[in-house]
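Look at the sequence and the model below.

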Amino acid sequence: MLLIHCPHCGARDEAEFSCGGEAHIMRPLAENKINDAQFADYLFYRHNPKGVFLERWRHAAGCRKWFNAVRDTVTDEIIEIYAMGAKPKTKAGKEAFDSNWRRASAAEAAAKVGGKK
Ligand SMILES: [Zn+2]
């Protein structure tokens, strides 16, 4: 059982939380044109590493607020908790963010204002 540190409530049992899956998935803007395969990357495909993973969590049975976590999927160690909209600050978190295939995807480029690929 994990002990998760909610940034608003403190340490709580894992049973109070729900995992929202991969963090940092950017929605392509409507005015940008990407093809179906590129849109499928955004909509269906998720990063699934063996190791450090960036994911969203919600304190469902507590404050109900969302936050991000850097978690090692092998050891279940939670390396860092950080706010929604922020990026990880730890070395492991930064490396996981930068090395994710999504950073180079057309959908992510299309999610940035003026972004085209
Ligand atoms: Zn909370």
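Five residues lie between the strands in the hairpin of strand 5 and strand 6, and Asp76 in this hairpin takes a positive phi near 65°. Strands here are DSSP runs of E with at least two residues, helices are runs of H or I with at least four residues, and both are numbered from the N terminus. The model is predicted: local features need pLDDT of at least 70 and side-chain atom pairs count only at pLDDT 80 or more, while totals for chains, interfaces and linings use all residues. Residues are numbered from 1 along each chain as its sequence is written.

The protein has three helices and six strands. Along the sequence they follow the pattern β-β-β-α-β-β-β-α-α. The C-alpha atoms fill a box of roughly 45 × 25 × 25 Å, taken along the principal axes.

Four strands form an open sheet in the order 3-4-5-6, with antiparallel pairing. Strand 3 (18-22) and strand 6 are the edge strands, each pairing on one side only. On average, neighbouring strands of this sheet are turned by 30° against each other, direction ignored. Such angles are taken between axes, which are lines fitted to C-alpha atoms (for helices over the stretch in contact), and they run from 0 to 180 degrees between N-to-C directions. Two strands count as paired if DSSP finds at least two bridges between them. The table lists the pairs.

| Strand pair | Sense | Bridges |
|---|---|---|
| Strand 3 and strand 4 | antiparallel | four bridges |
| Strand 4 and strand 5 | antiparallel | seven bridges |
| Strand 5 and strand 6 | antiparallel | four bridges |

Ser18 has Arg58 in strand 4 as its bridge partner.

**Burial and the core**

A residue is buried if 20 or more other C-beta atoms lie within 10 Å of its own, exposed if 12 or fewer do, and partly exposed in between, with C-beta atoms placed from the backbone. Of the 117 residues of the protein, 18% count as buried. Strand 5 is mostly covered, as five of its seven residues are buried.

A nonpolar core is a set of buried Ala, Val, Leu, Ile, Met, Phe, Trp, Tyr and Cys residues joined through C-beta atoms within 7 Å. The largest one has 10 residues, among them Ile4, Ala23, Trp57, Phe67 and Ala96. Strand 4 (52-58) and strand 5 (66-72) each supply at least two residues of this core. Strand 4 gives the most, with four residues.

Two residues are in contact if their C-beta atoms, placed from the backbone, lie within 7 Å. Leaving aside neighbours within four places in sequence, Phe67 is in contact with Pro7, Trp57, Ile81, Ala83 and Met84.

Pro88 is found in the loop between strand 6 (78-82) and helix 2 (91-99). Why does Pro88 count as buried? Pro88 is buried because 23 other C-beta atoms lie within 10 Å. Not counting residues up to four places away in sequence, Pro88 touches Leu54, Val70, Glu80, Tyr82, Gly93, Lys94 and Phe97. The C-alpha atoms of Pro88 and Val70 are separated by 7.4 Å, and these residues are 18 residues apart along the chain.
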